[in-house]
2 protein chains.
Amino acid sequence: MAADTLARRLRDIVGAGHVLSEPDLREPYEGDWSGRFRGAARAVVRPADTAQVTAVVAACAEHGAPIVPQGGNTGLVGAGVPRGGEVLLSLRRLDAVGDVDAATAQVDAGAGATLAALQSAAAAAGLDAGIDFGARDSATVGGLTAADAGGRRALRHGTMRARVAGLEAVLADGRAIDRRTGVLKDNAGYDLPALLVGSEGTLGVITAVRVQLVPRLPERVVALVGLGDVEEAADLLARLRRDAPSLECADFFLDDGLQLVLDHLRLPAPLEPRAPVYVIVELAGRGDVTEELADALGEAHAVVGIDGTDRDRLWRLRESHTEAIAAAGVAHKLDVGVPLDRLAGFLDAVRETVEEAGARAVLFGHLGDGNVHVNVLGAEGDDVDEAVLRLVAERGGTISAEHGVGVAKARWLSLTRSEAEIAAMRAIKRALDPQNILNPGAVLA
Amino acid sequence: MAADTLARRLRDIVGAGHVLSEPDLREPYEGDWSGRFRGAARAVVRPADTAQVTAVVAACAEHGAPIVPQGGNTGLVGAGVPRGGEVLLSLRRLDAVGDVDAATAQVDAGAGATLAALQSAAAAAGLDAGIDFGARDSATVGGLTAADAGGRRALRHGTMRARVAGLEAVLADGRAIDRRTGVLKDNAGYDLPALLVGSEGTLGVITAVRVQLVPRLPERVVALVGLGDVEEAADLLARLRRDAPSLECADFFLDDGLQLVLDHLRLPAPLEPRAPVYVIVELAGRGDVTEELADALGEAHAVVGIDGTDRDRLWRLRESHTEAIAAAGVAHKLDVGVPLDRLAGFLDAVRETVEEAGARAVLFGHLGDGNVHVNVLGAEGDDVDEAVLRLVAERGGTISAEHGVGVAKARWLSLTRSEAEIAAMRAIKRALDPQNILNPGAVLA
């Protein structure tokens with residue numbers, strides 16, 4: 001049987017102990033964080049290095065066996081778990097983090113290294129990874145790159161795309177490509193790493209990344225600003241962009257979300273009188289960022305956190321939204337992006353649409369990126385999800401901001417991508433993976 | 001005749017006055033800045049807007065007529081001039097620059113807008129374009145994007161790639177794609193704009209770019225530091241990366257290059273005693289960057305420029321290299337990148353190789369990017385060029401840092417790109433341009 005032949009080859013490549021075929025051993029790899037996506041793998045394969053990855057991919061290609069690559073399995077759109085019958089390729093053992101190259105401020109990290117490990121290596125060299133989010137202890141560098149991860153610091157430092165100074169990947173035919181010399185300017189031919197970033201494992205298996213670090217900025221200050229509406233929030237952001245070059249984050253939430261958090265954590269309100277819209281701003285720099293913030297905020301209705309405890313206390317109000325929502329019920333989570341000048345109308349329309357469906361919307365996100373995390377409590381089926389994505393599309397937004405398309409949103413890709421764009425994407429996919437063995441069903445349905 | 005039919009269609013699309021067929025009218029479009037590349041165009045076509053570009057490309061596709069897109073024609077590798085017989089598609093009339101969106105710090109610029117026009121629009125909004133180089137008055141946004149332009153500020157702000165928040169382009173079949181909603185995080189499908197950046201007009205004709213601006217940093221300071229060797233220069237850079245987060249530029253030149261400049265401009269030496277290697281550093285920030293620089297430089301052998309005149313005087317020593325070299329003869333110019341830890345050995349090897357060939361090498365560049373501009377005076381033929389590119393390849397560098405591959409280096413692409421990479425590039429090219437009508441012969445020979 002061909003299946004047995006493949007299993008034997010995989011065991012020969014990675015060692016019998018790293019091909020997991022028993023259901024109970026496979027199980028932790030088969031479902032994702034969202035709890036919505038799960039499928040049985042043909043086998044879970046855990047290679048130790050790039051050479052083993054190339055051999056595994058080549059063997060699968062020869063057998064026409066589809067592969068789902070997986071990093072820390074912290075995704076929310078089903079991109080890294082089996083749909084049923086695929087080889088689950090876990091990259092977690094490729095977790096080496098090299099020495100930081102101080103002159104280029106770069107470091108080589110294996111696909112399986114966690115974000116926390118990357119951050120530690122950067123900090124030990126007096127530098128900063130430039131990216132952060134809650135899943136830092138599990139999410140891996142390979143997954144961050146394949147999904148083009150964002151987080152609150154993307155406003156200043158860009159998404160993971162901006163951190164990729166080069167990468168190594170295995171293509172669908174089992175050949176590795178390696179662009180990790182770390183030369184910042186490299187325009188010799190098409191930028192294949194740039195194409196692989198955000199392609200969610202459908203064009204190649206990322207095995208290692210040369211990460212561009214950023215300077216460590218020791219002085220930080222946080223302000224929570226209460227505003228009358230989203231237009232005022234956008235005006236504040238415009239002022240900060242112009243007058244506060246140390247701006248690092250600008251997230252937002254609404255008063256009903258804040259109340260949910262305050263009730264959940266049994267905390268008093270941080271600002272009185274309350275406001276319909278809140279923006280939480282962080283500046284980071286080397287000099288006096290508190291003065292810089294004060295100059296930019298002017299007479300704003302705000303509370304400022306200067307020392308670490310006060311800063312964390314303010315951020316907790318934003319970051320506890322997820323936990324407070326989870327305590328209130330199982331939410332549908334839609335991660336979308338909307339042009340900032342249409343954000344106010346979008347938030348109103350979402351609220352109306354969700355309430356008409358008898359459900360409740362909790363809305364927050366990254367203001368500077370137009371990135372809204374739409375949480376819907378009490379909805380049945382996918383109708384509300386689709387309605388929200390249509391509201392995004394009507395405003396020229398994107399159905400996926402930082403979480404990716406995966407299998408969750410593949411059928412809705414055409415809402416915000418034109419026929420010409422999707423045709424080009426399909427042509428690229430066919431060109432690089434003619435057998436459609438790399439993460440089939442993700443991104444392009 | 002098919003040729004006549006195409007000419008008539010092109011006149012119908014853009015107006016007879018914008019299809020230039022007479023040799024003397026075509027001539028200014030047919031040769032590039034290097035003086036090395038020139039070819040006769042079938043016609044020069046000057047569309048007014050994206051709709052006309054789509055119609056022109058569709059007409060050419062129907063007739064199988066190859067197209068060479070051209071912006072400001074400031075390239076140095078023959079990517080934007082005809083090889084012979086192509087339709088030269090000039091994008092210069094698409095020169096509109098929109099209003100700056102203050103909240104996102106973004107602006108829409110037509111492909112034909114000059115870098116200087118973009119910089120003016122940014123400055124008028126209290127922001128900064130984040131990119132600069134000498135050809136700013138001619139080089140266009142479309143060309144910057146197609147070539148992924150760099151310049152001295154790329155150390156801090158990245159190359160043009162980092163400035164592209166989205167773009168509009170016409171693909172080989174005449175269909176336009178448009179991703180300019182300016183949402184920073186947009187992971188709905190493959191990042192086609194990222195693939196088009198740096199593809200030198202071979203995968204699509206860029207018609208407009210949504211440009212991400214950066215904060216304007218009012219305080220600046222420049223230092224010229226004399227160092228014993230390239231290793232010391234790399235150590236200085238490492239210290240600056242860690243201790244001077246306001247670091248914006250770090251270029252280098254050597255003492256013989258400095259002498260050439262001093263003789264040409266009849267200037268005294270800026271630093272005594274002289275040093276083998278010089279690094280010119282610029283910091284830009286909001287607070288006291290002079291103190292930040294002094295802290296990071298410590299006891300370095302340096303001269304510091306604080307006011308604008310002194311800063312310009314120091315930068316002139318670096319920027320006048322090109323002019324001083326031109327006064328000494330016709331130079332072969334090779335723009336290459338080398339990993340910083342191999343830069344010292346590379347510079348020695350280039351000097352030895354060039355001198356063995358009875359020629360003279362002048363070497364300078366962007367230290368922070370490992371980007372070396374190799375200028376060879378007194379060489380005949382292409383032998384020395386190829387020898388230098390082989391030295392680059394041996395050290396894991398790139399044959400093109402910021403100028404692109406064009407037709408000049410297409411035959412050498414395999415020196416620094418693997419067979420698997422080139423195969424992937426060719427597959428992508430075939431997938432998106434099966435007739436090979438977009439800039440044939442550039443990038444991929």
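Modeller: Keep in mind that this is a predicted model. Let's begin with strand S9 (residues 205-212) of chain B: 8 of its 8 residues are buried, so the strand is largely enclosed by the rest of the structure.

Colleague: Which strands pair with S9(B), then?

Modeller: Strand S5 (residues 106-110) of chain B is one partner, running antiparallel to S9(B) and joined to it by 5 bridges. To find your place there, look at Gly110(B), which stands opposite Ala208(B). Strand S7 (residues 164-170) of chain B also pairs with S9(B) in the antiparallel sense, over 6 bridges. In that pairing, Val170(B) has Val205(B) as its bridge partner.

Colleague: And how should I think about side chains along a strand?

Modeller: In a regular strand they alternate between the two faces of the sheet.

Colleague: Now chain A. What is the strand order in its open sheet of 4 strands?

Modeller: Read across it as S5-S9-S7-S8, with antiparallel pairing. Strand S5 (106-110) and strand S8 (176-179) of chain A are the edges, each pairing on one side only. From one strand to the next, the twist averages 15 degrees. Inside the sheet, S7 (residues 164-170) and S9 (residues 205-212) of chain A share 6 bridges, and Gly166(A) has Arg210(A) as its bridge partner in S9(A).

Colleague: On to helices. Which residues of helix H11 (residues 289-297) of chain B are buried?

Modeller: Val289(B), Glu292(B), Leu293(B), Ala296(B) and Leu297(B). Look down the axis of H11(B) and these buried residues fall within an arc of 125 degrees, so they line one face of the helix.

Colleague: What does H11(B) pack against with its buried residues?

Modeller: They pack against strand S11 (219-227), helix H9 (230-243), strand S13 (277-285) and strand S14 (301-305) of chain B. At the start of H11(B), a side-chain oxygen of Asp288(B) comes to within 3.2 Å of the backbone nitrogen of Thr290(B). Just after the helix, Gly298(B) takes a positive phi of about 60 degrees.

Colleague: What does the side chain of Arg26(A) reach?

Modeller: The backbone oxygen of Ala41(A), at 3.3 Å. Leaving out residues up to four places away in sequence, Arg26(A) touches several others, including Leu20(A), Ala40(A) and Val44(A).

Methods:
Residues numbered from 1 in each chain as written. Chains lettered and ligands numbered in written order. Predicted model: local features only at pLDDT ≥ 70, side-chain atom pairs only at ≥ 80, totals over all residues. Heavy atoms only, no water. Pairing = 2+ DSSP bridges. Helix = DSSP H or I, 4+ residues; strand = E, 2+ residues; numbered from the N terminus. Axes fitted to C-alpha atoms, helices over the stretch in contact; angles between N-to-C directions. Buried < 20%, exposed > 50% of the residue type's maximum accessible area, 1.4 Å probe, protein only. Arc of directions from axis to C-beta. Contact = heavy atoms within 4.5 Å. Polar contact = N/O pair within 3.5 Å; in protein donor to acceptor, adjacent residues only side chain to side chain.
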